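The following note concerns a single-chain model. Please read the numbered points alongside the display.

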Amino acid sequence: MAKTRVVVVDDSALVRSLLAEIINRQPDMECIGAAADPLAAREMIRNLNPDVITLDVEMPKMDGIDFLSKLMRLRPMPVVMVSTLTERGADVTLKALELGAIDFVAKPKIGVADGLRQLSHDITDKIRVASKARIHRPPPAPASMMSTGAHAVPTAHAPGAHGSAASHAHHAPAAPRVTLASLGRLSTEKIFFIGASTGGTEATKEVLTALPADCPAVVITQHMPPGFTRNYAARLDGLCKIRVKEAEDGERILPGHAYIAPGGLHLSVEKSGANYVARVRDGDPVNRHKPSVEVLFKSAAATVGPNAIAIMLTGMGADGATAMREMRDAGAYCVAQDEATCVVFGMPREAIAAGAINEVLPLTKIAGHIMDHLRKTAGALLSRV
């Protein structure tokens with residue numbers, strides 16, 4: 001079997017050496033080159049034609065984001081970002097995912113050598129996933145201003161649209177507008193649940209930016225490490241009609257709001273009187289993940305039942321598939337992203353195989369479809385009254 005050929009790009013000689021060592025220990029991959037800056041990396045990529053590159057963010061001559069932007073425009077290929085776990089590192093990493101990076105590894109700010117060795121399994125897993133991911137050439141787009149919570153930053157290139165994890169709201173067709181206020185209590189009774197992993201940060205953005213301000217509450221588990229979800233929620237909050245925030249334990253789940261599981265903690269929902277509330281808890285990983293989609297979807301099946309609408313987006317593995325079947329058995333309506341538009345089709349495929357799915361849809365059709373389903377549900381409800 002051919003090995004996955006990897007080029008490492010990092011300005012630290014220590015990190016280059018460690019990453020090469022970690023990669024070369026794997027029987028199914030090899031480090032075929034290591035570059036200290038993007039200019040050297042450009043020649044290496046041209047001459048060696050790697051399957052995957054790992055890319056640092058802060059480097060001399062050209063930073064990783066500028067290099068990634070040019071790379072995804074001129075020669076799209078799988079990229080795993082290696083970023084420092086700082087607030088700036090989190091924000092820049094999210095920008096890299098928008099530009100088309102498949103995934104990222106958060107290296108510690110201190111104790112880098114020990115930290116990377118401890119992350120070796122995670123690093124090699126993400127390289128394997130990246131080597132199989134779908135890569136799409138981003139379409140040209142005019143410069144635009146994109147809100148990032150408290151700040152606005154210029155972006156020269158729009159992320160990939162059809163079939164890519166990276167897709168801006170202005171590339172997606174407008175979802176049908178439904179005024180949920182006219183549907184009585186339905187907007188408070190219904191809750192959308194989203195599960196996602198690799199490629200999911202941009203896929204979730206695609207869904208959320210198409211939802212109207214008066215839609216039901218949205219509760220999300222996206223596989224992310226600690227230190228990134230707060231920045232991610234802030235970026236989405238600046239782009240969406242609904243409010244988006246990192247979930248807090250005990251807070252009421254309200255229509256027109258989206259709640260994202262904090263990195264490194266499990267998120268579930270409970271009933272408190274007439275209200276639904278978020279539960280944010282530590283605990284063991286489930287399906288190797290914390291937060292886990294399985295935890296969220298199990299609580300939805302038990303607590304929300306037929307008032308839940310579940311969406312399984314792009315991601316590697318099977319996290320959430322079993323619990324999504326429980327949701328469907330409890331009367332929830334369940335949707336999966338189709339293979340053509342997934343970066344990695346693992347999680348949707350497993351949910352389909354589990355018999356959990358009512359409908360399989362392209363990414364850009366999901367928001368409109370669930371709103372249309374909600375409208376039809378409301379019609380059925382109102383006709384019985």
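1. Over which residues does pLDDT stay under 50, and how many contacts beyond four places in sequence does the model have for them? The stretch is residues 141-184, with 107 such contacts; pLDDT is the predictor's confidence in each residue, from 0 to 100, and contact means heavy atoms within 4.5 Å. Residues 380-385 also have pLDDT below 50, with 1 contact in the model beyond near neighbours in sequence. Where pLDDT is low, the predicted coordinates should not be read in detail.

2. This is a predicted model, in which local features need pLDDT of at least 70 and side-chain atom pairs count only at pLDDT 80 or more, while totals for chains, interfaces and linings use all residues. Residues are numbered from 1 along each chain as its sequence is written, and side-chain values use heavy atoms, with hydrogens and water left out.

3. The mean pLDDT of the chain is 85, and 84% of its residues reach 70 or more. The chain holds 13 helices and 16 strands (DSSP runs numbered from the N terminus: helices H or I of at least four residues, strands E of at least two). Of its 385 residues, 55% are buried, that is, under 20% relative accessible area with a 1.4 Å probe and protein chains only (exposed is over 50%, partly exposed in between). Among contacts between residues at least 6 apart in sequence, 71% join residues at least 24 apart.

4. The count of aromatic pairs is 1; rings of Phe, Tyr and Trp (its six-membered ring) pair if their centres lie within 6.5 Å, with planes under 30 degrees apart counted as stacked, over 60 as edge-to-face and the rest as tilted. The ring centres of Phe-104 and Phe-228 are 4.6 Å apart and the planes stand at 40 degrees, so this pair is tilted. Phe-104 belongs to strand β5 (residues 103-107), and Phe-228, 124 residues away, to the loop between β9 (217-222) and α9 (229-239). Both Phe-104 and Phe-228 are buried.

5. Lys-126 lies over the face of Phe-104, 5.3 Å from the ring centre; the criterion is NZ of Lys or CZ of Arg within 6 Å of the ring centre and within 35 degrees of the ring normal. Likewise, the charged end of Lys-271 sits over the ring of Tyr-276, at 5.1 Å from its centre.

6. Tyr-232, in helix α9, counts as buried because its relative accessibility is 4%. Its contacts outside four places in sequence include Leu-94, Met-224 and Ile-260. Tyr-232 and Ile-260 are 28 residues apart in sequence, with a C-alpha to C-alpha distance of 8.9 Å.
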